[in-house]
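Opening the notebook on this one. I'll jot down what I look up as I go.

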Number of protein chains: 2
Amino acid sequence: MTDYAAPLADMRFQLAEIAGIGEIAGLPGCEHATPDLVDAVLEEAAKLAGAVLAPLNRTGDQQGSRLENGVVRTPEGFKEAYARYVEGGWNALPFAPEHGGQGLPMALATAVLEMWNAANMGFALCPLLNVGAVEALTAHGSAEQKRLFLPKLISGEWTGTMNLTEPQAGSDVGALRARALRDGDHYRITGQKIFITYGEHDMAENIVHLVLARLPDAPPGTKGISLFLVPKFLINPDGSLGPRNDVRCVSLEHKLGIHASPTCVLAYGDGGGAVGTLIGEENRGMECMFTMMNNARLNVGLQGVAVAERAYQRARDFARQRVQGRPMTADATGASPIIHHPDVRRMLLLMRARTEAMRALAYYTAGAIDRARHHPQAEMRERQQRRVDLLIPVVKAWCTDLGVDIASIGVQVHGGMGFIEETGAAQHLRDARIAPIYEGTNGIQANDLLGRKLLRDRGAAARELIAEMRAVDAALAARPGEATAALRRPLAAGIDALDSATAWLVEHAAGDAPSAFAGAVPYLTLMGTVAGGWLMAKSALAAGGADDAGFAAAKLATARCYAEQVLPAAPTLLPAVMGGATVMGFDLDRF
Amino acid sequence: MTDYAAPLADMRFQLAEIAGIGEIAGLPGCEHATPDLVDAVLEEAAKLAGAVLAPLNRTGDQQGSRLENGVVRTPEGFKEAYARYVEGGWNALPFAPEHGGQGLPMALATAVLEMWNAANMGFALCPLLNVGAVEALTAHGSAEQKRLFLPKLISGEWTGTMNLTEPQAGSDVGALRARALRDGDHYRITGQKIFITYGEHDMAENIVHLVLARLPDAPPGTKGISLFLVPKFLINPDGSLGPRNDVRCVSLEHKLGIHASPTCVLAYGDGGGAVGTLIGEENRGMECMFTMMNNARLNVGLQGVAVAERAYQRARDFARQRVQGRPMTADATGASPIIHHPDVRRMLLLMRARTEAMRALAYYTAGAIDRARHHPQAEMRERQQRRVDLLIPVVKAWCTDLGVDIASIGVQVHGGMGFIEETGAAQHLRDARIAPIYEGTNGIQANDLLGRKLLRDRGAAARELIAEMRAVDAALAARPGEATAALRRPLAAGIDALDSATAWLVEHAAGDAPSAFAGAVPYLTLMGTVAGGWLMAKSALAAGGADDAGFAAAKLATARCYAEQVLPAAPTLLPAVMGGATVMGFDLDRF
């Protein structure tokens with residue numbers, strides 16, 4: 001059986017060279033992220049992920065969470081594992097010290113979160129959702145809400161949920177109908193919410209629901225939505241648990257994957273109205289939601305990285321151990337492990353190269369978040385925030401699309417055994433498939449990239465990024481040789497294509513918006529593919545100076561594989577970016 | 001709930017214009033495939049597929065086949081549906097009239113088989129495996145074997161299985177260990193076989209196992225394998241059922257998809273040896289297996305087409321009915337079905353364009369099989385057989401890879417509902433995932449394409465195909481205009497790339513075989529992608545003369561979508577085809 005070993009060497013390298021953790025540790029408020037501490041955190045997290053969470057991944061999938069008489073029971077071992085996670089202080093890692101957080105950089109938290117998700121995505125969803133609740137409360141909660149709820153949410157003793165979706169309101173949040181009535185100093189919430197991750201479970205003593213609902217006099221659409229805090233158990237003024245609130249789980253979804261994670265239908269107010277308090281102002285709920293969206297989207301993108309890494313490790317271990325056929329390679333004689341077969345190696349190297357590229361983009365973006373928060377110069381904070389805003393939808397969509405693809409290759413490496421559930425490879429594919437859907441479908445991400453991030457500033461942030469990409473191209477040019485040339489050609493072509501696509505969209509979107517938006521997903525894929533190539537080239541340059549020659553050679557090889565097998569496709573996305581008229585011209589009745 | 005409606009308009013069009021069914025009906029032995037009969041067969045098959053098989057697809061997945069006390073029970077309704085299938089004479093469609101077949105062209109049988117697989121892939125696997133048994137017996141069986149078994153296998157009253165795999169012998173068939181001992185005029189078979197599709201079930205009164213095993217004095221490897229016919233119930237000389245043979249199902253696999261199809265572990269000879277008779281000559285079993293492999297691989301490729309079509313129809317119907325958000329298109333006001341959203345349209349058109357391209361390649365290849373069998377001129381038969389041999393691995397691998405990808409897009413169109421099993425979209429993805437694996441993994445197909453189909457004739461058959469592709473390019477050139485130019489540019493670039501890749505592999509494979517074979521899958525994908533573009537261009541040219549202007553416009557649009565969104569990637573596969581050295585150079589210990 002394969003368990004998960006965090007890829008610490010690549011994580012350390014990418015934190016140092018791509019996220020720039022050393023530089024981040026020099027920013028005000030990040031000083032305690034010393035090299036020693038960073039190393040210790042990574043080592044300890046790897047232990048918990050490998051020894052405690054990973055072994056529960058398969059049983060979590062098999063057993064799933066179950067609803068019995070209104071109580072959701074998580075799979076065997078989850079409750080104990082969560083207790084260890086809380087005891088270890090892991091939940092507090094990225095949060096501000098004011099309410100008990102450890103205040104460590106987002107870049108480090110991102111590497112750690114990758115481990116939880118790679119080890120056990122069904123488990124990791126619980127803390128992932130909690131992050132959103134903490135951020136919303138931190139930014140918009142009242143002093144009393146913060147006092148009563150933040151310490152317990154930050155420690156992880158309580159968990160948080162996000163309640164947006166209703167049957168008729170998915171991507172269109174503005175269509176939601178849950179009601180809130182003013183009732184003295186609080187509100188009474190009624191309505192049904194669906195797709196609530198860890199909406200009910202047995203791992204924490206309380207669950208804090210953040211619920212979007214409408215006041216009776218609210219304007220229609222997204223401008224009439226307010227955000228409420230609705231705890232499962234009401235909290236007494238002294239912070240102790242009070243009576244059960246009027247919210248219950250009425251069913252769990254039967255899903256393709258992430259079986260361990262209970263996806264709940266929650267009924268609010270069947271007994272007269274769940275008691276909630278307002279977060280922020282009335283009718284400003286959407287703004288509160290947007291606060292937490294950037295990080296949630298980064299974290300879901302990271303799930304794509306994580307599941308790809310896990311699928312890679314499983315496929316590699318299988319390929320090393322499964323003996324089948326006589327390979328044509330000189331390094332093997334007689335029947336040999338299938339890792340000696342050229343096509344198996346191709347699959348493994350392609351999985352690995354793309355996973356490293358995705359990790360680079362995710363860690364880079366996390367590092368930019370740290371700079372946007374902590375850099376002493378306002379101009380730099382703004383510049384970094386522009387970068388974050390631009391790249392977040394790319395990290396979310398590109399990494400989750402690749403996560404599915406890489407998990408699917410992982411199945412393929414296993415041959416017939418890959419299709420057998422006991423092998424475990426199929427679970428990664430099933431689990432990976434949710435990530436392009438939730439936290440805003442990848443189509444929504446592409447619309448966000450094009451509409452909010454590209455057209456609003458008429459491509460300024462994108463051009464800023466492209467200029468930095470060209471600097472790496474110039475650095476490659478300064479190191480002549482066949483190896484760097486092999487990286488440079490497709491990267492330069494990709495950057496040119498990204499530049500052209502950006503200019504074309506900025507020019508044409510006003511005249512024919514539907515056609516432009518029909519090219520949004522190809523544009524996002526183009527940006528992700530080129531950004532991956534940019535950071536892989538940067539990695540290859542940096543690895544040249546690494547002490548470990550084997551690591552450096554491997555990094556150069558994965559960068560080259562990416563340049564040969566992935567990056568060349570980037571310029572060919574241009575016709576799709578500009579081909580929206582074909583899509584929109586197709587007769588609807590002919591579909 | 002979506003049920004399946006066979007895409008009869010496109011099927012008729014492609015049979016006529018791409019497979020050339022009219023011309024095939026003029027070949028000796030194919031005369032009764034008149035236009036009226038072809039139409040009637042398609043219409044009736046569509047009824048059975050839509051009304052009987054499709055409604056059992058979801059329940060078949062939910063219930064699965066179950067093993068109870070050695071008996072395998074197929075899901076509710078399967079037995080009755082199979083009886084209707086047999087009564088309708090459907091199983092006999094493609095087989096020679098000599099033993100009760102209807103002798104209809106393979107091209108027509110292929111369209112019909114697409115319907116069974118689209119309606120219910122788990123069901124369709126039973127007849128699919130049967131085809132292999134009929135072909136092996138027809139080509140290599142003794143007169144007595146044919147007399148006793150062929151009529152019942154052709155009618156479908158009995159079903160056939162293929163027994164190759166053992167735990168240690170998957171892709172490496174030569175590693176198998178099942179034993180056969182001579183015992184008078186028959187043989188006694190012992191050993192365990194795994195992954196036996198419909199190895200045991202309750203839909204037919206007898207099951208005829210074709211089993212690969214070794215004689216005690218056989219040479220090692222594939223040269224020492226013999227093929228045996230081992231019926232579940234022995235047959236009396238008068239053709240009636242005799243006693244139960246010594247073979248039983250000991251377990252069923254728990255699989256990612258195709259739950260309705262029982263994947264059996266079969267134990268032979270626990271009671272002293274299952275009685276079997278030899279098919280063909282001793283130690284020549286692999287040749288017998290190769291006989292049936294071409295058609296089996298075509299049929300599995302067709303499963304990719306079929307599941308893609310089904311996923312497309314489900315996604316389209318959902319997109320027409322699911323109201324969410326206000327689209328930016330002029331043809332919709334207020335909250336509208338999501339088919340009005342540009343990105344949803346892009347996904348649907350991309351699903352459809354690629355499905356049509358795959359269908360074209362599959363039907364084209366089926367038509368080539370008819371010509372290779374029935375053309376009066378030997379030279380033409382040989383030419384067509386070369387084409388078939390070249391394209392079979394491409395149909396198998398390219399269509400099944402795309403099948404997974406398209407089914408995954410189908411999930412995405414559904415948003416959150418796509419991840420919920422009740423919706424049905426996820427089943428198509430789970431079902432589709434087996435097709436790149438079985439009947440020779442897609443890596444094996446690529447090795448076959450490169451090793452047997454390309455290098456043996458040093459690219460002759462490939463260049464023959466490329467020349468025909470260039471003829472379509474010339475035909476496009478003869479019709480000036482923006483629409484044809486949009487098709488022509490990427491097609492010409494794709495053909496050039498295929499030509500270059502072919503020449504490069506022929507030149508370099510001898511010197512560095514492992515590196516060349518590390519580029520085999522990218523080469524296969526390149527050939528499939530370009531072949532799809534070639535046939536879509538051919539379709540667009542032919543559709544220009546169609547009576548139905550709406551159909552012609554739609555075909556032109558899907559051809560253009562393919563040219564804009566799919567075909568441009570073809571030339572970018574060249575660096576991957578030639579990049580095997582990067583793959584093979586990666587330090588194995590660094591994976």
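Predicted model: local features only at pLDDT ≥ 70, side-chain atom pairs only at ≥ 80, totals over all residues.

**Entry 1: a covered helix**

I started with α12(A), where A425(A), A426(A), Q427(A), H428(A), L429(A), R430(A), D431(A) and A432(A) come out buried. Buried here takes 20 or more other C-beta atoms within 10 Å of the residue's own, exposed takes 12 or fewer, partly exposed is in between, and the C-beta atoms are placed from the backbone. That is eight of eight residues for this helix, which runs over residues 425-432 of chain A. Helices are DSSP runs of H or I with at least four residues, strands are E runs with at least two, and both are numbered from the N terminus.

What covers α12(A)? I found that the cover includes α4 (56-63), α7 (121-140), α9 (285-321) and α11 (378-413) of chain A.

Residues are numbered from 1 along each chain as its sequence is written, while chains are lettered from A and ligands numbered from 1 in the order in which they are written.

**Entry 2: α7(A)**

I checked one of the covering helices next. α7(A) has 20 residues and reaches 29 Å from first C-alpha to last, close to the expected 28 Å (1.5 Å times one less than the number of residues). 18 of its 20 residues are buried, so α7(A) is largely enclosed by the rest of the structure.

**Entry 3: chain A overall**

I get 20 helices and twelve strands in chain A. Its radius of gyration is 24 Å, close to the 25 Å from the globule rule for 591 residues, so chain A is as compact as a globular protein of that length. The radius is taken over C-alpha atoms, and the rule is 2.2 Å times the number of residues to the power 0.38. Of the 591 residues, 62% count as buried.

**Entry 4: the two copies**

I laid chain B on chain A: RMSD 0.0 Å, with a turn of 180° and a shift of 0.0 Å along the axis. In chain B, A569(B) has the C-alpha nearest the axis, 2.8 Å from it.

How many residues of chain B are in contact with chain A? I count 73, against 73 residues of chain A, with contact meaning C-beta atoms, placed from the backbone, within 7 Å. The largest share on the chain B side, eight residues, comes from α18(B).

Notes: Contact = placed C-beta atoms within 7 Å. Least-squares fit on C-alpha atoms with pLDDT ≥ 70 in both.
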